[in-house]
Amino acid sequence: MTDTLMVGVSGIRGIVGKDLTEDVVARYAGAFGQWAKAGARRPLVVVGRDARESGPAFERAVAEGLASAGCAVVSVGIAPTPTIQLAVEHHQAGGGIAITASHNPIEWNALKFIGPDGIFLDGTDGKRVLDLVGKDGGRRGSTGGEVATDPGAIERHLDAVLKLPAVDVAAVRKRSFAVALDAVRGAGGPVMRTLLERLGCRVTGINLETDGRFPRAPEPIPENLGELAALVRRSGADVGIAVDPDVDRLAIVDETGTPIGEDYTLALAIRAVMGGKGGTPIVVCNLSTSLVVEDAARAYGAEVVRTPVGEVHVARAILRLGAAIGGEGNGGVMYPALHAGRDAPVAAALLLTLLAREGRPVSQLVAAAPRYVIVKAKVERGAGSRERGLERTYAALRQRFADAQVDTQDGLRLAWPNRWLHVRPSNTEPIIRLIAEAPSAPEARELVDEGRRLSAASITA
């Protein structure tokens with residue numbers, strides 16, 4: 001891993017033309033092809049991409065790398081990441097590669113490796129792919145692998161969303177919602193418009209082109225949604241919806257033009273599932289997900305299980321526990337009735353179902369639940385004694401906050417009934433991340449400040 005090529009068990013990402021080049025992409029794709037071919041009933045890999053301008057060249061490089069490993073390729077073209085995951089399952093492929101840097105800035109791109117079950121690689125499998133890159137460069141002599149296209153992948157995905165047990169298509173169509181949509185010129189414009197129109201919505205959109213020329217920072221967080229908020233107010237929409245470039249995360253703007261925060265996407269989806277036809281009373285989320293998700297789940301008597309940060313950890317726990325729903329506080333909803341992956345079309349359909357059933361606007365749904373404030377910070381990690389410094393940090397925090405409930409799955413999470421502090425090492429930078437949530441900003445900031453003080457003291461000790 002260099003400063004800008006970030007390598008992990010589920011893929012690689014980097015700045016295009018600097019560390020992430022076509023040759024690098026082909027080598028890693030070749031290694032993934034070797035892994036997928038070894039464990040598959042047939043040597044087939046599904047490939048898709050978001051709308052970034054580097055996508056076509058990288059897709060050709062991926063196909064070349066896969067062919068060098070003797071794998072046939074099925075391309076779904078520009079498509080949401082969840083569409084690619086579902087296509088892997090549909091084709092009973094040995095795996096899939098999504099060419100997308102998700103919410104990263106425009107100069108980035110990435111490869112995300114998907115296993116035959118439609119879930120991103122982790123642990124042993126991901127390590128094996130990386131070992132294959134290191135062993136022989138990840139490429140072998142080309143065998144002229146077959147390349148085919150799958151033009152029906154998106155339509156299958158949307159059909160499946162509309163057939164989900166918690167999605168009430170008739171009720172949503174009856175309401176004829178006005179929806180403002182911002183797809184940041186990623187892969188989601190045509191997909192989300194089509195879904196919303198099939199649900200009987202009247203759509204007013206911005207940034208629906210699929211040219212990858214992001215007009216703003218692509219992450220769908222409140223500070224990036226000013227144009228969508230203005231569109232909601234100007235058009236009189238019932239709700240505003242924003243998706244990230246690869247359409248696995250969804251953020252909401254209420255009918256007054258106020259972004260409500262990404263954590264509410266999962267909270268409202270839980271209410272749609274649990275308050276409709278119900279399901280197994282287990283909800284899975286990661287350790288840094290907001291308490292609004294716990295409040296939503298417990299209102300229906302559901303148990304909340306938290307996992308380490310990372311989509312794959314949530315997905316594995318959902319399947320292992322037979323959970324009704326899960327996800328992450330970044331707007332990622334994972335509804336296993338379809339698949340255990342973040343899915344913005346699923347999130348949109350569940351949101352509209354809830355609005356149709358409740359008969360109340362988004363602002364009232366948010367106001368009816370407790371509100372919290374999240375504060376984030378970071379501390380530099382000193383070189384040479386990072387692990388010892390972390391252990392000292394954790395010990396100092398546990399001593400300072402002896403009355404807290406402790407979770408050590410991923411760093412250290414200290415929790416109380418209405419607040420928490422999560423301290424963990426970054427996977428990509430030499431820093432310690434601190435995130436706290438409390439009923440007010442001063443209370444959350446106090447937790448972060450104390451965590452930062454103890455972390456800095458422990459590292460320099």
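Me: Which exposed residues does the face of H8 turned away from its buried side carry?
Reply: This is a predicted model, where local features need pLDDT of at least 70, side-chain atom pairs count only at pLDDT 80 or more, and totals for chains, interfaces and linings use all residues. Residues are numbered from 1 along each chain as its sequence is written, and side-chain values use heavy atoms, leaving out hydrogens and water. Exposed means over 50% relative accessible area, buried under 20%, and partly exposed in between (1.4 Å probe, protein chains only). On that face of H8 you'll find Arg233 and Arg234.

Me: And which residues of H8 are buried?
Reply: Helices are DSSP runs (H or I, at least four residues) and strands are too (E, at least two), numbered from the N terminus. Seen down the axis of H8, the buried residues fall within an arc of 160° (taken from the directions from the helix axis to the C-beta atoms), so they line one face of the helix. H8 covers residues 226–235, and its buried ones are Leu228, Ala229, Leu231 and Val232.

Me: What do those buried residues of H8 pack against?
Reply: Look for contact, meaning heavy atoms within 4.5 Å. The partners are strands E8 (178–182), E9 (202–206), E10 (239–243) and E11 (250–253).

Me: Is Ser54 buried or exposed?
Reply: Ser54 is in the loop between strand E3 (44–49) and helix H2 (55–68). Not counting residues up to four places away in sequence, Ser54 touches Val16 and Asn109. Its relative accessibility is 15%, so Ser54 counts as buried.
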